[in-house]
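Subject: Structure for your files

Hello,

Here is the structure you are taking over. My notes on it follow below.

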Amino acid sequence: MSESARRLPSLYRKTLTSWGSVVAVVVLTGGVLGSRRLEQQAVDFLTQSLTTSARLMEAAVRTALAQGQTVETLQPVAMVLGQQASCRVTVIDPAGTVLGDSEQTETTVPLMENHKDRPEVRDALAGGVGTSLRYSQTVKHPMLYVALPLTHERGIIGVLRVAGAHLEAIAEDV
């Protein structure tokens, strides 16, 4: 058998291995990019859903804030709204003090840390709609937050923040 005849299968194997590697890299890259796109679409959908829920809650929370900016007034409102919307609801005053949180009790709300420096709350206090996807120290898993400024004639009187569990948290529960 000639030397060139012996090299042919070796060349064929090398070429096939090279092409196989290229195909594997392309498939893996496509899978990663595809899963990131799907996750972004899920985050966008959840953001839209939470924003809609917050807009529907806005009038009730604004009315409760006008009656008094106390935990006793706002904690029951946060609890009811959170239950109805199946999401976490937090009411925060302009100084960052939590006045109601659907995941807490009337006795634990006053112990919560100040929320003024939370990214979504900062954005809402500046007059915009704030969003943030981050780990919650309170409920101990990733959450997507949407915060709306609550205004009255005299300006911003508080922030309504709603939150839903992020995909990682949902996957851990399954």
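β4 and β5 pair in the antiparallel sense over 10 bridges; helices (H or I, at least four residues) and strands (E, at least two) are DSSP runs, numbered from the N terminus, and two strands pair if DSSP finds at least two bridges between them. The two strands form a hairpin with two residues between them. Within this pairing, Leu150 stands opposite Gly158 in β5.

Before going further: this is a predicted model, in which local features need pLDDT of at least 70 and side-chain atom pairs count only at pLDDT 80 or more, while totals for chains, interfaces and linings use all residues. Residues are numbered from 1 along each chain as its sequence is written, and side-chain values use heavy atoms, with hydrogens and water left out.

β4 also pairs with β3, again in the antiparallel sense, over seven bridges. Arg134 has Met143 in β4 as its bridge partner, Tyr135 stands opposite Pro142, and Ser136 stands opposite His141. The hairpin of β3 and β4 has four residues between the strands, and Lys140 there takes a positive phi near 65°. Nine of the 12 residues of β4 are buried, so this strand is largely enclosed by the rest of the structure. Buried here means under 20% relative accessible area, exposed means over 50%, and partly exposed lies in between (1.4 Å probe, protein chains only).

The whole sheet is open and has five strands, in the order β2-β1-β5-β4-β3, with antiparallel pairing. β2 (98-101) and β3 (130-136) are at the edges with a single partner strand each, so one side of each has no neighbour in the sheet. On average, neighbouring strands are turned by 25° against each other, direction ignored. Helix α2 packs on the sheet and touches β1 and β2, and its direction makes about 30° with that of β2. For these angles, axes are lines fitted to C-alpha atoms, for helices over the stretch in contact, and angles run from 0 to 180 degrees between N-to-C directions. Contact means heavy atoms within 4.5 Å.

As for the overall layout, the protein has four helices and five strands. From the N terminus on, the elements run α-α-β-β-α-β-β-β-α. Of the 174 residues, 36% count as buried. The accessible surface comes to about 10,400 Å², of which 59% belongs to carbon and sulfur atoms; areas come from the Shrake-Rupley method with a 1.4 Å probe, and for residues only the protein chains shown count as cover. Among contacts with a separation of 6 or more, 50% are between residues 24 or more positions apart.

Next, the interior. In soluble globular proteins, nonpolar side chains tend to be buried together. A nonpolar core is a set of buried Ala, Val, Leu, Ile, Met, Phe, Trp, Tyr and Cys residues joined through side-chain atoms within 4.5 Å. The largest one here has 21 residues, and Met57, Val61, Leu65, Val89, Leu160 and Val162 have the most contacts inside it. Two or more residues each come from α1 (3-67), α2 (71-85), β1 (88-92), β4 (141-152) and β5 (155-165). α1 gives the most, with seven residues. Apart from this core lies another, of nine residues, among them Val98, Val109, Met112 and Ala147. Leaving aside neighbours within four places in sequence, Leu65 is in contact with Leu74, Val91, Leu99, Leu150, Ile157 and Gly158.

Two single residues may be worth a look on screen. Ile92 is found in strand β1 and is buried, with a relative accessible area of 0%. Beyond its neighbours within four places in sequence, Ile92 is in contact with Thr97, Val98, His115, Val121, Gly158, Val159 and Arg161. The C-alpha atoms of Ile92 and Val121 are separated by 8.4 Å, the two residues being 29 apart along the chain.

Ser86 lies in the loop between α2 and β1. At 67% relative accessibility, Ser86 counts as exposed. Its phi is near 55°, a positive value in a residue other than glycine. Most residues other than glycine have a negative phi, and most peptide bonds are trans.

Regards
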